[in-house]
Amino acid sequence: MTTKIDIQSTAQMLMAKDNILILCHKNPDGDTLGSAAALCHVLTAMGKQAVVACHNRIPAKYDYLNIPVWDGVSEIDYVVSVDVAGVNLLGDTLSDFAHKIDLCIDHHGSNGEYAKCLCLKADYPAAAQLMYEIICEMGVEITPHIADCLYTGLITDTGCFKYSSTTPRTHEIGARLMELGAHHTMLVEKFFMSKTRKAVMLEKYMLNNLEYYYDDRCALLVLTRETILEIQPDPTDLDGLSSMPRDFEGIDVSVLIRPLREEGSYKLSIRTGENVNACDIAAALGGGGHLRAAGCEVVGSIETVKKAILKEVENALCQ
Ligand SMILES: [Mn+2]
């Protein structure tokens, strides 16, 4: 049974605990890492022991977050997951924690309610927005470094305040974090104004291989294993690739299909415009996410996977 708790109780609970392990979702992004880092630094500043764990190695791009990674042996008394919608998103190396999570802090409407306590704000565009409010409630000072961590989550999950999930409150918090010393220019440059050579090569591949369906309302890209072997992208080079075609005029749904490590299994990223629910499409194939951005993992040949997703896209477009 999951007990839903508000921001106040979440803050009180965290203040009462020690030896805390903070879990991120696999294939980590700026929101799960930034929010976890902020919480970890706040707890440490309060004199507590706190560490972070993630299934994947944390990409070098996020080194500045200075995340203390759990060594796998130090004692843990309290487990918190951040930005993790379901236990399947923890990844194999953390799957032992699936039924041992004391508190989940999340903003996914599709949250699987797997933790003992859940602080969920499904209308928040980023877990970092929720984390900011929890930290304020804890009454701890937000240092420039913690402001950087939170600002990272805020900008990466909102496409730099562009996505429709952005609210006036998001901007207020962004402004407040700038006042508190967040390095706005450095972070925006890092995530939105510079591209690696490999990311550009992926973009070129995307433009050459995009498939259009349903009167050009759906754009689908299959990233083949061969292309990945050829370009050898870092995981962070793939950020943004799935949402790019959504910005093309007339596109309501954009789908990126890429192979997972296990042969015959694929990860699908779905991005939608205003009139289509991405989460519904992903949920039909066992996944979840947000209104405009969602994902799922599907097993099968590339042909059957494509057929399955296109059928769900068609259903969504007909509604
Ligand atoms: Mn998030």
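Which residues of helix 7 are buried? They are Ala 199, Leu 202, Glu 203, Tyr 205 and Met 206. The model is predicted. The protein chain is divided into domain 1 (3-192) and domain 2 (197-318), and a manganese ion is coordinated by Asp 31, Asp 83, His 107 and Asp 157.

**Domains**

- Domain 1 covers residues 3-192 and domain 2 covers residues 197-318.
- The centres of the two domains, taken over C-alpha atoms, are 26 Å apart.
- Contact between the domains involves 11 residues of domain 1 and 11 residues of domain 2.

**Manganese site**

- The donor atoms are OD of Asp 31, OD of Asp 83, NE2 of His 107 and OD of Asp 157, at 2.1 to 2.4 Å from the manganese ion.
- Along the sequence, the donor residues follow the spacing D-x51-D-x23-H-x49-D.
- His 107 sits in the loop between strand 5 (103-106) and strand 6 (117-120), while Asp 157 belongs to helix 4 (residues 144-158), so this pair ties together parts that are 50 residues apart in sequence.
- His 107 is buried, at a relative accessible area of 0%.
- Asp 157 has 17% relative accessibility and also counts as buried, because the cut-off for buried is under 20%.

**Helix 7 and Met 206**

- Helix 7 (residues 197-209) has 13 residues, which at 1.5 Å a residue should span 18 Å; the end C-alpha atoms are 18 Å apart, in agreement.
- The buried residues of helix 7 are Ala 199, Leu 202, Glu 203, Tyr 205 and Met 206.
- Viewed down the axis of helix 7, these buried residues fall within an arc of 160 degrees, so they line one face of the helix.
- Arg 197, Lys 204, Leu 207 and Asn 208 are exposed, on the face of helix 7 turned away from its buried side.
- Strand 8 (218-222) and helix 8 (225-231) are among the elements that cover the buried residues of helix 7.
- Met 206, which is in helix 7, has a relative accessible area of 1% and is buried.
- Leaving aside residues up to four places away in sequence, Met 206 touches Leu 221, Leu 241, Met 244, Pro 245 and Phe 248.
- Met 206 and Leu 241 are 35 residues apart along the chain, and their C-alpha atoms are separated by 8.0 Å.

**Helix 5**

- The 12 residues of helix 5 should span 16 Å at 1.5 Å a residue; the end C-alpha atoms are 17 Å apart, which agrees.
- Thr 170, Ile 173, Gly 174 and Leu 177 are buried in helix 5.
- These residues cover an arc of only 105 degrees around the axis, which puts them on the same side of helix 5.
- Pro 168 and Glu 179 are exposed on the other side of helix 5.
- The cover over the buried residues of helix 5 includes helix 3 (127-138) and helix 4.
- Gly 181 follows helix 5 and has a positive phi, near 110 degrees.

**Nonpolar cores**

- The largest nonpolar core has 54 residues, and Leu 14, Leu 150 and Leu 177 have the most contacts inside it.
- Helix 2 (residues 30-45) gives the most to this core, with eight residues.
- Leu 177 touches Tyr 132, Ile 142, Ala 147, Leu 150, Tyr 151, Leu 154 and Ala 182, not counting residues up to four places away in sequence.
- A second, separate core has 23 residues, among them Ile 270, Val 276, Ala 282 and Leu 285.

**Loop residues**

- Ser 164 lies in the loop between helix 4 and helix 5 (168-179) and is exposed, with a relative accessible area of 54%.
- Ser 164 and Glu 179 are 15 residues apart in sequence, and their C-alpha atoms are 24 Å apart in space.
- Most residues other than glycine have a negative phi.
- Asn 19 is not a glycine but has a positive phi of about 50 degrees; Asn 19 is found in the loop between helix 1 (7-16) and strand 2 (20-23).
- Asp 216, also not a glycine, has a positive phi of about 65 degrees.
- Asp 216 is in the loop between strand 7 (211-213) and strand 8 and is partly exposed, with a relative accessible area of 47%.

Definitions and conventions
Residues numbered from 1 in each chain as written. Predicted model: local features only at pLDDT ≥ 70, side-chain atom pairs only at ≥ 80, totals over all residues. Heavy atoms only, no water. Donors = N, O, S within 2.8 Å, 3.2 Å for Na, K, Ca; no water. Helix = DSSP H or I, 4+ residues; strand = E, 2+ residues; numbered from the N terminus. Buried < 20%, exposed > 50% of the residue type's maximum accessible area, 1.4 Å probe, protein only. Expected span 1.5 Å × (residues − 1). Arc of directions from axis to C-beta. Contact = heavy atoms within 4.5 Å. Core = buried A, V, L, I, M, F, W, Y, C linked by side-chain atoms within 4.5 Å. Domains from an automatic or database assignment.
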